[in-house]
Amino acid sequence: QVQLVESGGGLVQAGGSLRLSCVASGSTFSTYPMAWFRQAPGKEREFVAASNWSGRSVYYADSVKGRFTISRDNAKNTVFLQMNSLKPEDSAVYYCAAASSSPLTLNSYGLPGLYNYWGQGTQVTVSS
């Protein structure tokens, strides 16, 4: 069983930055693909960014490409999401997710069904 705990959310003005962290329990973290998703009120959960087990392969939603960066520190069982140039439309609850197996294609990293474990979420609010 893997438990994920996110932190780092908050209120920020448009154009500002936040860094989210997700700490995972369990000794097999370094083998898991990891991802960030978000969900705004009244909307479906959407993919934001993902990393393969090593962090060498990363994948982003078009809406955040060039502004957000996913990274991971396997020694600390932690995955990060650095968010720059934030926009009001980035406001949402952000969820960390872990998958117990790697997908066959890079595009599959964006599918919620790949992920077995989810955190409780952290709120990000961007004011205009």
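Tyr59 is partly exposed, with 23% of its relative accessible area open; here buried means under 20% relative accessible area, exposed over 50%, and partly exposed in between (1.4 Å probe, protein chains only). This is a predicted model, in which local features need pLDDT of at least 70 and side-chain atom pairs count only at pLDDT 80 or more, while totals for chains, interfaces and linings use all residues. Residues are numbered from 1 along each chain as its sequence is written, and side-chain values use heavy atoms, with hydrogens and water left out.

## Aromatic rings

Let's stay with Tyr59 for a moment. Six aromatic pairs occur in the structure; rings of Phe, Tyr and Trp (its six-membered ring) pair if their centres lie within 6.5 Å, and planes under 30 degrees apart count as stacked, over 60 as edge-to-face and the rest as tilted. One of the pairs is Phe47 with Tyr59, which is stacked because the ring centres are 5.3 Å apart and the planes stand at 25 degrees. This pair links distant parts of the chain, with Phe47 in strand β5 (residues 46–51) and Tyr59 in strand β6 (residues 58–60), 12 residues apart. Strands (E, at least two residues) and helices (H or I, at least four) are DSSP runs, numbered from the N terminus. Phe47 is buried, at 12% relative accessible area.

A further pair is Tyr115 with Trp118: their ring centres lie 6.3 Å apart and their planes are at 70 degrees, so this one is edge-to-face. Tyr115 is buried at 5% relative accessibility, whereas Trp118 is partly exposed at 28%. Phe37, Phe47, Tyr59, Tyr115 and Trp118 together form one aromatic cluster.

A charge sits over a ring if NZ of Lys or CZ of Arg is within 6 Å of the ring centre and within 35 degrees of the ring normal. The table gives the two cases.

| Charged residue | Ring | Distance to ring centre |
|---|---|---|
| Arg45 | Tyr95 | 3.9 Å |
| Arg72 | Phe29 | 4.7 Å |

## The disulfide

Which cysteines form a disulfide? Cys22 and Cys96 do, with their sulfur atoms 2.1 Å apart; a disulfide is a pair of cysteine sulfur atoms within 2.5 Å. The structure holds one such link. The bond joins distant parts of the chain, 74 residues apart: Cys22 belongs to strand β3 (residues 18–24) and Cys96 to strand β9 (residues 92–98). The link of Cys22 and Cys96 is left-handed, with -80 degrees about the S-S bond. Cys22 is buried, with a relative accessible area of 0%, and Cys96 is buried too, at 0%.

## A four-stranded sheet

Strand β3 brings us to an open sheet. Its four strands come in the order β1-β3-β8-β7, and the pairing is antiparallel. Two strands pair if DSSP finds at least two bridges between them. Strands β1 (4–7) and β7 (68–73) are at the edges with a single partner strand each, so one side of each has no neighbour in the sheet. On average, neighbouring strands of this sheet are turned by 15 degrees against each other, direction ignored; axes are lines fitted to C-alpha atoms, for helices over the stretch in contact, and angles run from 0 to 180 degrees between N-to-C directions.

Strand β8 (residues 78–83) is joined to β7 by six bridges.

Ser21 lies in strand β3 and is buried at 16% relative accessible area. Leaving out residues up to four places away in sequence, Ser21 touches Val5, Glu6, Ser7, Trp36, Thr78, Val79 and Phe80; contact means heavy atoms within 4.5 Å.

Most residues other than glycine have a negative phi. Where does Asn77 lie? Asn77 is in the loop between β7 and β8, and this hairpin has four residues between its strands. The phi of Asn77 is positive, near 55 degrees. Ser85 also has a positive phi, near 50 degrees. Ser85 sits in the loop between β8 and β9 and is partly exposed, with a relative accessible area of 41%.
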